[in-house]
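I went through this chain and wrote down what I looked up. The entries follow the model.

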Amino acid sequence: MPVRGYRRAVLVTTVLVLAVFAGVLSLLSWDRANQVAGIVSAVVGVAALGVGVCALLAPTGSTSVQVSRTGRATATSGGDANTGAVASSSAGAVSVGETGEARADGGSANTGYRRQD
């Protein structure tokens with residue numbers, strides 16, 4: 001599921017939880033609803049603080065590269081043929097699979113992962 005799909009799922013789940021919570025509070029007496037709302041607010045506040053701290057401590061700038069099911073590549077006259085991935089050392093996670101055939105005449109051929117510094 002792409003990131004956009006996760007965001008939509010989180011948004012829909014949040015709206016549903018809020019609707020159920022509002023329904024439950026409407027069935028309680030004012031005093032009891034006030035107590036429940038106070039406890040839930042405290043728990044949600046602590047959870048939000050934890051999520052915020054985790055987001056601050058998460059590594060940033062890391063990317064991931066995924067390459068699969070590539071076609072054939074041929075290079076002549078000393079060129080480079082690449083059906084895999086060429087990425088810098090800061091590329092993060094690199095996944096290469098089911099790459100096509102790479103041939104080079106007097107150059108270089110890559111069907112996997114090559115680090116470029």
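I located Gly78 in the loop between strand E2 (73–75) and strand E3 (80–82); strands (E, at least two residues) and helices (H or I, at least four) are DSSP runs numbered from the N terminus. The model is predicted, so to speak of local features pLDDT of at least 70 is needed, side-chain atom pairs count only at pLDDT 80 or more, and totals for chains, interfaces and linings use all residues. Residues are numbered from 1 along each chain as its sequence is written, and side-chain values use heavy atoms, with hydrogens and water left out.

I checked the cover on Gly78: it is partly exposed, at 41% relative accessible area (buried is under 20%, exposed over 50%, partly exposed in between; 1.4 Å probe, protein chains only).

I listed the contacts of Gly78 (heavy atoms within 4.5 Å). Beyond its neighbours within four places in sequence, they are Asp105, Gly106 and Gly107. Gly78 and Gly106 lie 28 residues apart in sequence, yet their C-alpha atoms are 4.4 Å apart.

I then turned to Leu49, which sits in helix H2 (residues 30–57). Leu49 is exposed, with 59% relative accessible area.

Of its 117 residues, 12% count as buried. Among contacts between residues at least 6 apart in sequence, 62% join residues at least 24 apart.
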